[in-house]
Amino acid sequence: MKLYSGPVSLFSRKVEIALREKGLAFEQILVPFTQTKGYSPRNPEVMAINPKGQVPVIVDGDLSLYDSTLILEYLEDAYPEPALFPKAPAERARCRLLDLFADEVMLAPLRFLMHRTEPKPDDLARRDAQELKAREAEPVLSGQFAELDRKLQGRDYLCGTFSAADIAVFMAVFWTRRLGGPSLKGHDALASWYTRVSARPAFAKVIAEILAADAELSAPVEGAFRE
Ligand SMILES: N[C@@H](CCC(=O)N[C@@H](CS)C(=O)NCC(=O)O)C(=O)O
């Protein structure tokens, strides 16, 4: 299997974790990315497969797929063990909803923090305007942390046993912390879950790869991973 990925691509790293959790062998192709030019020049294979031109993209035999959520669902169908989704329809739907919550609902405020890994622009007024938006987004993220904390009361994982929901939500929480967003303080169940999930070998490996890529590519972020 081939995975077209970005060094600091939240959604590609989400797929990488799922592949590692399932113990699947894959060849990782890192597409060009810089903090100033983004995903340019575009990788021609990615462009041929994904009309959106985005990573992640996987190629498995004669199947080419894009979109991290679709890819995780395919991996579950094609390689069911170890399972990353509950079997019962309602539990499975709840797990998918949490994936959507991470990828779409949490991403909405998270986007406003993304400029922080870019080099400071010459136009400082632009940076101030971006920071204003980021400061407005941070309480929204804190509220989402509180919601997740409530869901995790009395349970080790979001859907009972470890699942795709933990992967997607972990990525959104990790990205928030990486971008200097709110801390996990006061959200004890969420903080314990975060520590538990980070210690899984698939996550530990991917976290180390992202931090190494940041050291090479990204501007240092004030307040990143604050306690
Ligand atoms: N919903 C998509 C989002 C993919 C996405 O946003 N990919 C980013 C990198 S994390 C990308 O390729 N961005 C470049 C662009 O949008 O032009 C997924 O889950 O795979």
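Residues are numbered from 1 along each chain as its sequence is written. Because the model is predicted, local features need pLDDT of at least 70 and side-chain atom pairs count only at pLDDT 80 or more, while totals for chains, interfaces and linings use all residues. Helices (H or I, at least four residues) and strands (E, at least two) are DSSP runs, numbered from the N terminus.

**Helices α4 and α6**

Helix α4 (residues 89-110) and helix α6 (residues 164-178) have axes that come within 7 Å and cross at roughly 15 degrees. Here the axes are lines fitted to C-alpha atoms, for helices over the stretch in contact, and angles run from 0 to 180 degrees between N-to-C directions. The angle makes α4 roughly parallel to α6, a term for angles under 35 degrees, with over 145 counting as roughly antiparallel, 65 to 115 as roughly perpendicular and the rest as oblique. The crossing is left-handed, that is, the near helix is turned anticlockwise from the far one by less than a right angle, clockwise being right-handed. On the α4 side the contact is made by C95, L98, D99, A102, D103, M106, L107 and L110, and on the α6 side by A164, A165, A168, V169, M171, A172, W175 and T176. Two residues are in contact if their C-beta atoms, placed from the backbone, lie within 7 Å. By class, the contact of α4 with α6 has 13 nonpolar, one polar and two charged residues. In this scheme Ala, Val, Leu, Ile, Met, Phe, Trp, Tyr, Cys and Pro are nonpolar, Asp, Glu, Lys and Arg charged, and the others, Gly among them, polar.

**Ligand shell and backbone exceptions**

Of the 13 residues around the ligand, S9, F11, Q54, D67 and S68 come nearest; a residue is near a molecule if its C-beta atom, placed from the backbone, lies within 6 Å of it. The shell divides into five nonpolar, six polar and two charged residues. Helices α1 (10-21) and α3 (68-78) each supply at least two of its residues.

Most residues other than glycine have a negative phi, and most peptide bonds are trans. The exceptions below include D67, one of the residues that come nearest to the ligand.

| Site | Feature | Location |
|---|---|---|
| S40 to P41 | cis, omega near 0 degrees | P41: loop between β2 and α2 |
| E81 to P82 | cis, omega near -10 degrees | P82: loop between α3 and α4 |
| D67 | positive phi, about 85 degrees | loop between β4 (63-66) and α3 |

D67 is partly exposed, with 17 other C-beta atoms within 10 Å. F225 is also partly exposed, with 14 such neighbours inside 10 Å. A residue is buried if 20 or more other C-beta atoms lie within 10 Å of its own, exposed if 12 or fewer, and partly exposed in between, with C-beta atoms placed from the backbone.

Q35 lies in the loop between β2 (27-30) and α2 (44-49) and is partly exposed, with 15 other C-beta atoms within 10 Å. Leaving aside neighbours within four places in sequence, Q35 is in contact with T117, E118, P119, L217, S218 and A219. Q35 and R116 are 81 residues apart in sequence and 9.9 Å apart in space, C-alpha to C-alpha.

L152 is found in helix α5 (residues 124-152) and counts as buried, with 22 C-beta neighbours inside 10 Å. Not counting residues up to four places away in sequence, L152 touches L158, A189, L190 and W193.
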